[in-house]
Amino acid sequence: MLNSDQTEIDLPPTHSESESVFSDCGGGRAGSTEDAGGVGLCAQSRIAEPGEAVKKDLQHLSREERRRRRRATAKYRTAHATRERIRVEAFNMAFAELRKLLPTLPPDKKLSKIEILRLAICYISYLNHVLDV
């Protein structure tokens, strides 16, 4: 928030959207109807449509910065987490299927993923050797 004696330059780099909208209207709040609980006159003229301020704010950003901001939303994060969970479950199921195909003693021995891969490599080499003989 700005005091009447502060200017826009005094704002920290992480100011809110509402402060950036009002910064074009003279910087401070002194003299506006906003102090009385209403919306300032300048704010009414600036925000004719709800998405207008956001669109103007995003126009000057680079493609990478717009992508970063979109990825920072809660909706995107939850969707990404869901996709990642599905991917990891499919990955683990594939390892479980591969594990079932490999002969070990005892057959129910728990193996790590790297052990499963190494054992699969050895088993494939053994099967190739059997076919060549």
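**Rings, charges and helices in a predicted model**

Tutor: A search of the whole structure, which is a predicted model, turns up two aromatic pairs.

Student: Let's take F91 and F95, then: how far apart are the ring centres, and is the pair stacked or edge-to-face?

Tutor: The ring centres of F91 and F95 are 5.0 Å apart and the ring planes stand at 70°, so the pair is edge-to-face, given that planes over 60 degrees apart fall in that class.

Student: Where do F91 and F95 lie?

Tutor: Both F91 and F95 belong to helix 5, which covers residues 74-101, and they are four residues apart, about one turn of the helix.

Student: And F95, buried or exposed?

Tutor: F95 has a relative accessibility of 11% and therefore counts as buried, whereas F91, at 40%, counts as partly exposed.

Student: What about Y123 and Y126, how are those rings arranged?

Tutor: The rings of Y123 and Y126 have centres 6.5 Å apart and planes at 20°, so this pair is stacked. Y123 and Y126 both sit in helix 6, residues 113-132, where they are three residues apart, about one turn of the helix. Y123 is partly exposed, with a relative accessible area of 28%.

Student: Why are both a distance and an angle quoted for a pair of rings?

Tutor: Because a pair of aromatic rings is described by the distance of the centres together with the angle of the planes.

Student: Changing topic a bit: which ring does the charged end of R83 sit over?

Tutor: The charged end of R83 sits over the ring of Y76, at 5.9 Å from the centre of that ring.

Student: Back to Y126 for a second, which residues make the nonpolar surface patch?

Tutor: The patch is made by Y126, L127 and V130, and its area is about 280 Å². V130 is in helix 6, and with a relative accessible area of 41% V130 is partly exposed.

Student: OK, charges now. How many salt bridges does the count come to?

Tutor: The count comes to five salt bridges.

Student: Start with R67, what does R67 form a salt bridge with?

Tutor: R67 forms a salt bridge with E64, and the closest N and O atoms are 2.9 Å apart. R67 and E64 both lie in helix 4, which runs over residues 63-71, and they are three residues apart, about one turn of the helix. R67 has a relative accessible area of 26% and is partly exposed, and E64, with 35%, is partly exposed as well.

Student: How far is it, N to O, for E65 and R68?

Tutor: The side chains of E65 and R68 meet in a salt bridge at 2.9 Å, N to O. E65 and R68 are both in helix 4, three residues apart, about one turn of the helix. E65 is partly exposed with a relative accessible area of 24%, while R68, at 48% relative accessibility, counts as partly exposed.

Student: Which residues are linked with E65 and R68 in a network of salt bridges?

Tutor: R69 is linked with E65 and R68 in that network.

Student: And in helix 5, what separates R87 and E84?

Tutor: R87 and E84 are separated by about one helical turn, because they are three residues apart in helix 5. Their side chains meet in a salt bridge at 2.8 Å, N to O. R87 is partly exposed, with a relative accessible area of 46%, and E84 counts as partly exposed at 33% relative accessibility.

Student: Zooming out, how many helices and strands are there?

Tutor: The secondary structure comes to six helices and zero strands, and read along the sequence the pattern is α-α-α-α-α-α.

Student: What share of the residues counts as buried?

Tutor: Of the 133 residues of the protein, 14% count as buried. The protein exposes about 10,800 Å², of which carbon and sulfur atoms supply 59%.

Student: Last one: how far apart are the C-alpha atoms of A96 and L111?

Tutor: The C-alpha atoms of A96 and L111 are separated by 9.8 Å, with the two residues 15 apart along the chain. A96 is placed in helix 5 and is partly exposed, with a relative accessible area of 36%.

Key:
Residues numbered from 1 in each chain as written. Predicted model: local features only at pLDDT ≥ 70, side-chain atom pairs only at ≥ 80, totals over all residues. Heavy atoms only, no water. Phe/Tyr/Trp six-rings, centres within 6.5 Å; stacked < 30°, edge-to-face > 60°. Helix = DSSP H or I, 4+ residues; strand = E, 2+ residues; numbered from the N terminus. Buried < 20%, exposed > 50% of the residue type's maximum accessible area, 1.4 Å probe, protein only. Lys NZ or Arg CZ within 6 Å of the ring centre and 35° of its normal. Patch = residues over 30% accessible without salt bridge, like charges linked within 9 Å, V, L, I, M, F, W, Y side chains within 5 Å. Areas by Shrake-Rupley, 256 points an atom, 1.4 Å probe, with all protein chains shown as cover. Salt bridge = Lys/Arg side-chain N within 4 Å of Asp/Glu carboxyl O.
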